[in-house]
Amino acid sequence: MSKTDFLTTLREEEVEYVDIRFTDPRGTLQHITVTADLVDEDFLDEGLLFDGSSIAGWKSIDQSDMKLMPDVGTAYLDPFFAEKTMCVHCTVLEPDTNEPYNRDPRGTAQLAEAYLRSTGIGDTSYWGPEAEFFLFDDVRYSVAMNKVSYEVDARDGAWNTDTEYEMGNSGHRPGIKGGYFPVPPVDDGQDIRGEMLSTMKRIGLKVDKHHHEVASCQHELGLIFGTLTEQADHLQKYKYVIRNVAHAYGKSATFMPKPIAGDNGTGMHVNMSIWTDGKPLFAGDKYADLSDEALWFIGGILKHAKALNAFTNPSTNSYKRLIPGFEAPVLRAYSARNRSGCVRIPWSESPKGKRVEARFPDPAANPYLCFAALLMAGIDGIRGKIDPGPAMDKDLYDLPAEELADVPTVCASLREAMDELEKDMDFLLAGDVFTRDQIEGYMALKWEEIYAFEHTPHPVEFKMYYSC
């Protein structure tokens, strides 16, 4: 959509408001709504000033002015607002120079794409995230000086087989780890997922499927691949639609990696490929019909996996998912089709389908920073011709202890991920894609979360230690 098309659509559709959206460092979508009659060609050229000091990890109060620059190619009519509203995603600029703000995640994603082109390795990268989520009917939590608790519930939760309901208990629900792939009424999410997918299509997302996931109350919808910044935009829209359709059904959707104990956590497998001159760079005649460049790309991912965890698994809760078992990809190994390593090469008969799948990320990640960091690690692998070592085609979950000890792992905590990022960030700084200032600002936010988590007593500690 051109600027002219955008303005014409505002008039023809009789749009009342334009919702200006941007993403903060933690990955939260933020917005400011302006009346549509204020939006003209000058507005689209000059952007909108806003107070950047209100966003954690951005400007201080004495340097708070920042500029939002709309990208009309992202525009869509909001499917939830009562008044007709056109939404548009933005990058963030410095108001005095109109230069990109170095802590803006979307700007970082755009710089990563430009850096790929500058290296001569390829001109386009494609990304296919598979973000899972949970749906609950009731969510309650408390964090106070004398009380820390949470409780989630859903009618289709495996724990509700004997719950008394006013209209009776149907008894049909997936058991623990039983969500793949019974039909309704065991799967009671068919209609809500269908509405989510249809809503995504209406706002211009490319989608292909939906299904129940392994865990109780866990689901996934399919996004068709796109370029890096485009797909990060789409993932933000994906989360927005899921949360709001769930809300309309009286349910609550969460992308928290591990909201319930004893069942699978929520991941976001990320499929990646690089193309040059319309040809797939990852197709070749090496292992699993991959090219040298694809294997080196994997080598970069495996080498930098622990630093990547700071962006791909950015919550303290992420590491309650990244533990052995529960189909968690904690081992830094790669394989064709084997889903137990942290990097997989999905099967494809066509060279165009050759791609690399990182299985350790989760949807708590800021998609712009997550995809940019993964690309930078892969580029570093290609430029340095980093050998990923031999593939591991065994079931890594059942390796004997002596073999398991020789396989490196991803991080076990957000604290460890921050320490690893501090030691291994040079690959991110290449081409000024990330800056040290940006990374340090991001780490400061994460250390706040770590301290809050580590300094608060946990209910399970009372069970284990109160009478010790």
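**Helix pairs, cis bonds and a pocket**

Mentor: E14 sits in the loop between α1 (3–12) and β1 (17–23). The model is predicted.

Trainee: What is the omega of the bond from P184 to P185?

Mentor: Near 10°, and the bond is cis. P185 is in the loop between β9 and α4.

Trainee: On to the helices. How is a packed pair described?

Mentor: By the angle between the two axes and the distance between them.

Trainee: Why are α3 and α5 called roughly antiparallel?

Mentor: Start with the value. Helix α3 (residues 105–119) and helix α5 (residues 228–248) pack at about 150°, with their axes 8 Å apart. Roughly antiparallel requires an angle over 145 degrees. The pair therefore counts as roughly antiparallel.

Trainee: Which residues meet there?

Mentor: R106, A109, Q110 and E113 come from α3. L228, T229 and D233 come from α5. By class, this contact has two nonpolar, two polar and three charged residues.

Trainee: How do you know that α7 and α9 are roughly antiparallel?

Mentor: Helix α7 (residues 305–312) and helix α9 (residues 367–383) cross at roughly 165°, and their axes come within 8 Å. The cut-off is over 145 degrees. So α7 and α9 are roughly antiparallel to each other.

Trainee: Is the crossing of α7 and α9 left-handed or right-handed?

Mentor: Right-handed.

Trainee: What residues make up that contact?

Mentor: From α7, L308, F311 and T312. From α9, L369, C370, A373, L374 and A377. Sorted by class, the α7 contact with α9 has seven nonpolar residues, one polar and no charged ones.

Trainee: What makes α11 roughly antiparallel to α13?

Mentor: The angle again. The axes of helix α11 (residues 414–423) and helix α13 (residues 436–454) cross at roughly 155° and come within 10 Å. That angle makes α11 roughly antiparallel to α13, since the label is for angles over 145 degrees.

Trainee: Which hand does the crossing of α11 and α13 have?

Mentor: Left-handed. L414, R415, M418, D419, L421 and E422 of α11 make the contact with I439, Y442, M443, K446, W447, E449, I450, Y451 and E454 of α13. The class count is nine nonpolar, no polar and six charged residues.

Trainee: Last topic. What is the volume of the second largest pocket?

Mentor: About 810 Å³. The lining of this second largest pocket holds 39 residues, and E130, H269, N271, R344 and E357 lie nearest its centre.

Trainee: Which elements give two or more residues to that lining?

Mentor: β7 (124–136), β10 (207–212), β11 (218–223) and β14 (268–276). β7 gives the most to the lining of the second largest pocket, with six residues.

Trainee: How does the lining of the second largest pocket split by class?

Mentor: It has 13 nonpolar, eleven polar and 15 charged residues.

Notes
Residues are numbered from 1 along each chain as its sequence is written. This is a predicted model: local features need pLDDT of at least 70, side-chain atom pairs count only at pLDDT 80 or more; totals for chains, interfaces and linings use all residues. Side-chain values use heavy atoms; hydrogens and water are left out. Axes are lines fitted to C-alpha atoms, for helices over the stretch in contact, and angles run from 0 to 180 degrees between N-to-C directions. Helices (H or I, at least four residues) and strands (E, at least two) are DSSP runs, numbered from the N terminus. Angles under 35 degrees count as roughly parallel, over 145 as roughly antiparallel, 65 to 115 as roughly perpendicular and the rest as oblique. Contact means heavy atoms within 4.5 Å. Ala, Val, Leu, Ile, Met, Phe, Trp, Tyr, Cys and Pro count as nonpolar, Asp, Glu, Lys and Arg as charged, and the others, Gly among them, as polar. On a 1 Å grid over the protein atoms alone, a cavity is a set of points where a 1.4 Å probe fits but cannot get out, and a pocket is an open set with protein on both sides within 12 Å along at least five of seven lines; lining residues have an atom within 4 Å of a point. Grid points are joined across faces, edges and corners, and a volume is the space filled by probe spheres set on the points. A crossing is left-handed if the near helix is turned anticlockwise from the far one by less than a right angle, and right-handed if clockwise.
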